[in-house]
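Hi,

Here is the structure I promised to pass on. Have a look at it first, and then read my notes below.

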Amino acid sequence: MAITLSASDAPSPPLSARLSPPQIWGIALLAPYLLVFLAFVVYPVGYGLWLARHPASYVELYNDPIFARAAVNTLIFLVIGINIKMLIALFLSGFFAQQRPWIRWLSVIFILPWAVPSIPTILSVRFMLNPEWGVINQLIFKFTGDDGPNWLNDPAVALAMAIGVHIWKSLPFWTLILLTGRLAISHDLYEASDVDGANWWQKFRYITWPSMQTLYITCTLLSMIWTLGDFNSVYLLTGGGPADLTHVLSTLGIRYLRLDQLSLAMASIVCAMPFVLPLVYFMMKRLSR
Amino acid sequence: MKLPTLREVGTEAKLLLIGIPVFIWTMIPIYHMFVFAISPKEDAFTGKLWPTHPTLHNFSIVFHQQHYFLRDFWIQFWNSTVIALAVGALTLFVATAAAFSISRLRVPGGRAVMNMALFTYFIPAAFLAVPMYRTMGTYGLLNTHWSLILAMVTIAAPYAIWVLKQASDKLPVELDEAATMDGATTLQLFRLVYVPLMMPSLVAVGTYAILLAWNEYLYAFLLLSKDTDITLPVALGNFLAADDSPWELLMTTGFIYALPPAAVYYAFKRYMVGGLTAGAVKS
């Protein structure tokens, strides 16, 4: 007790004396990132939240039918789109785990969508779907003599196409991740189950899935967080149209920004936070171990 | 040679039944782009699987900037290159220093910084774009390349730090102790021990940052506007503004734009896959 008192009574030594040289270096080396973080994360986020402080913004947002539609679209995108994607990825990871030379070659090609930038390929799909000149309707006309549908003019179809583009782009990545998880499973387990006469479903149910379920769920959640920020798939394919019916939250925020309604843009993002933050918290607990 | 059994043929057929659709699905948008790029203007819209008269004329038009939409092609290509390389270099600098400080020097508060960085990594980039745009205006950086470079460093750094920290946590502590015992200063430890040992991860992180910056559309489109300032993806997006866009030229430009990152990706695939999966599988 006496010691602690005397320690706190004594004038504290200057900061440089209390820190060892490596610690001073440590702070100096951490400083560049801290500066970036303060200037381009803390300040913008704080400023954004300050802009979104008025309840009136939320009332206006609530009364904007485009916002409600965008929220529903985002949910469809995440809940349906991501789960379809992850199920296909889980299935294909089993396919790519097969040891065949041609499957190894195919896996090299399969990664292309992930390796090339998304803009040219999204625009390529957009042209394919063009009602008059796109290759799909050209082929429909050639074989049936009928005009094909105006694909991107129907909000439901247009959103489905945007989800398709998203899946096309990110399926290889998740398949690859799940494949590494699958390859980590000991081969002995499968051999033992072969001896026991297990069929493919029993092998999946009792060997593959138990070892992969944590990874699978982590990947699904991570993909959901990232997909919330997928601006390109929707913006470059449909531009939010027809009639602003295919917006998702990320394109809507940018739409408000372009219309100079910054407080609405921030409010729409704040509205997504109750959904985003638990996912982020969960992922951080996972990754910071 | 042993003839395959009926059962083996059946398995192979089932695998092909999956493999062929996967191949077609993967290739369609890329092949479509490629066919457009090598088709003469009149051929491009006939819906043929292979043009009757394949040509490289479109590439020549792009390289000689012989179209209204392409008059700044080379300067935009240059912009994309400079910005991507600057983001790569700056991210490497910022992230290596931070990872060394957190993982090796165990600086007080390092763990908190790591968590803040991870938090940034999980905030969708499109959400951060809105306040970031306004902030860049406040800083007076809007419409300069610095705005895009700094924004991309902000986005690339968290993952970079995390990957580097994971990798450097695996280096034995005895290494640092031995070097210090031999009288190495902290800076020497960083330069002569840490950086050489971390090379594979540094390559992965640098490539990651360069590709991220080269491929970025949203931030580039928000932060830059002048035709001679923008990067290639923004120029591609601008093609859409007109109804009479020359699709074959757009697809050609897109093809040229997509080649460097694809080449880099395949060249560094070894590092990329290692770095990426190390992150995702650890669960």
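A question to start with: which residues does Ile161(B) touch, leaving out those up to four places away in sequence? Keep in mind that this is a predicted model. On the list are Ala95(B), Ala98(B), Ala99(B), Met114(B) and Ala117(B), plus Tyr33(A) from the other chain.

Ile161(B) also turns up in the largest nonpolar core, which has 163 residues. It is among the residues with the most contacts inside that core, along with Val87(B), Ala129(B), Met152(B), Ala156(B) and Ala160(B). Helix α6 of chain B, residues 145-169, supplies the largest share of this core, 16 residues.

Now for chain B as a whole. It's built from helices, 13 of them, with zero strands. Its radius of gyration is 24 Å, well over the 19 Å that the globule rule gives for 283 residues, so chain B is more spread out than a compact globule. Its C-alpha atoms fill a box of roughly 75 × 70 × 30 Å along the principal axes. As for burial, 45% of the 283 residues in chain B count as buried. If you take the contacts in chain B between residues at least 6 apart in sequence, 77% of them join residues at least 24 apart.

Last, the place where the two chains meet. Chain A brings 77 residues to the contact and chain B brings 73. On the chain A side, helix α3 (residues 21-51) gives the most, with 20 residues. That side of chain A splits into 57 nonpolar, 17 polar and three charged residues.

Cheers

Key:
Residues are numbered from 1 along each chain as its sequence is written. Chains are lettered from A and ligands numbered from 1 in the order in which they are written. This is a predicted model: local features need pLDDT of at least 70, side-chain atom pairs count only at pLDDT 80 or more; totals for chains, interfaces and linings use all residues. A nonpolar core is a set of buried Ala, Val, Leu, Ile, Met, Phe, Trp, Tyr and Cys residues joined through C-beta atoms within 7 Å. A residue is buried if 20 or more other C-beta atoms lie within 10 Å of its own, exposed if 12 or fewer, and partly exposed in between; C-beta atoms are placed from the backbone. Helices (H or I, at least four residues) and strands (E, at least two) are DSSP runs, numbered from the N terminus. Two residues are in contact if their C-beta atoms, placed from the backbone, lie within 7 Å. The radius of gyration is taken over C-alpha atoms; the globule rule is 2.2 Å times the number of residues to the power 0.38. Ala, Val, Leu, Ile, Met, Phe, Trp, Tyr, Cys and Pro count as nonpolar, Asp, Glu, Lys and Arg as charged, and the others, Gly among them, as polar.
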